[in-house]
Amino acid sequence: MAEKQTPTNDDATPGFEELLHQQEDAELHEPPGDWRIEDWVVFAIFWALAGVVFLQFFTRYVLNDSIAWTEEIARYLLICVTFVGAAMAARKGSHIALELALYVLPPGPRRWLRIVLSMVAVMFFAVAAWLCFGIAEAMWYQPMVVVDLPLGLVYYVAFFGLALTTIRFAWYAVMQFRAGEQPRESEGARS
C-alpha cells in the first residue's frame, strides 16, 4: 500500500500563519525594562481608566446609584490611552499595515518602498498632530459636560500622543532603513 506524500514547497513565500508567528516571536523577545515615556503614561492612564470603570460598575450595580462623572471620564481616558498607545506601537513597529506589495518585490525595491510608505505615514501623523493642536487650543475654553475641566485637556493629550507617534514612527523607519532588507528564509533557499 502506497503512502500519501504531502508535497513540500520550500520555495513558497511565508504564509499568513508563519508571518503571524514571526511577529509573536519578535514581541516575545522584547528586552525587559525597555519602557519609554509613552509606556509609563499609558500604564498610568490605563490604571486610572480601570479604577474609574470599576467605580462606575460598583456604584451602578452594587450601590444602585451611579456617579455621573465616571462615564465621561472613562470615555476621555480611553481616548487618551488610544492616542498615547499609538506611540508605543510606532516605536515597536507593530502598527497594522497592508504589506502585500512588499512581499512580491525583491529586497532592493522593497527597502525603498518601505521608506516611501514610512514617509507618507510620518507626514500623516505630523499633519494629524498639527490639526489636533489647533483643536486643543480652540477647545481649551469649552468645559466638559459633567466635570468642570477644559475639554482641551483631552485634545492636548491626543496631540502629545500624535506628536510622539510621529517622532517614534520616523525613528523606527530610519532604523529599519539603516538595517537594510533582511532576506526571508524562503528567499535564501532559492539563491
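This is a short tour of a predicted model, with one selection at a time and a note on what you will find there.

**The whole chain**

Of the 191 residues, 28% count as buried. One more value for the overall view concerns contacts between residues at least 6 apart in sequence: 70% of them join residues at least 24 apart.

**The largest nonpolar core**

Next, select Ile-73, Leu-77 and Met-144. These are the residues with the most contacts inside the largest nonpolar core, which has 15 residues. Colour α2 (37–62) and α3 (69–92) too, as each supplies at least two residues of this core. The most comes from α3, which gives 7 residues.

Stay with Leu-77 for a moment and show its neighbours. Leaving out residues up to four places away in sequence, Leu-77 touches Ile-45, Ala-48, Leu-49 and Val-52. In soluble globular proteins, nonpolar side chains tend to be buried together.

There is also a second, separate core, made of 10 residues. To find this second core, select Ala-90, Ala-128, Ala-158 and Leu-162, which are among its members.

**The second largest pocket**

Which helices each supply at least two residues of the lining? They are α2, α3 and α6 (152–179). Here α3 gives the most, with 5 residues. Colour the lining by class and you will see 12 nonpolar residues, with no polar and no charged ones.

**Ser-118, on helix α5**

Now move to helix α5 (residues 107–139) and select Ser-118, which lies in it. Is Ser-118 buried or exposed? Ser-118 is buried, because its relative accessible area is 14%, and buried means under 20%. Show the contacts of Ser-118 and you will find Phe-169 and Ala-173, not counting residues up to four places away in sequence.

**Two stops in the loops**

Select Asp-34 next, in the loop between α1 (16–28) and α2. Asp-34 has a relative accessible area of 28%, so this residue is partly exposed. Beyond residues up to four places away in sequence, Asp-34 touches Asp-39 and Arg-91.

For the last stop, go to the other end of α2 and select Asn-64, in the loop between α2 and α3. Where does its phi angle fall? Phi of Asn-64 is near 60°, a positive value in a residue other than glycine. Asn-64 counts as exposed because its relative accessibility is 67%, and the cut-off for exposed is over 50%.

Methods:
Residues numbered from 1 in each chain as written. Predicted model: local features only at pLDDT ≥ 70, side-chain atom pairs only at ≥ 80, totals over all residues. Heavy atoms only, no water. Core = buried A, V, L, I, M, F, W, Y, C linked by side-chain atoms within 4.5 Å. Buried < 20%, exposed > 50% of the residue type's maximum accessible area, 1.4 Å probe, protein only. Helix = DSSP H or I, 4+ residues; strand = E, 2+ residues; numbered from the N terminus. Contact = heavy atoms within 4.5 Å. Nonpolar A, V, L, I, M, F, W, Y, C, P; charged D, E, K, R; others polar.
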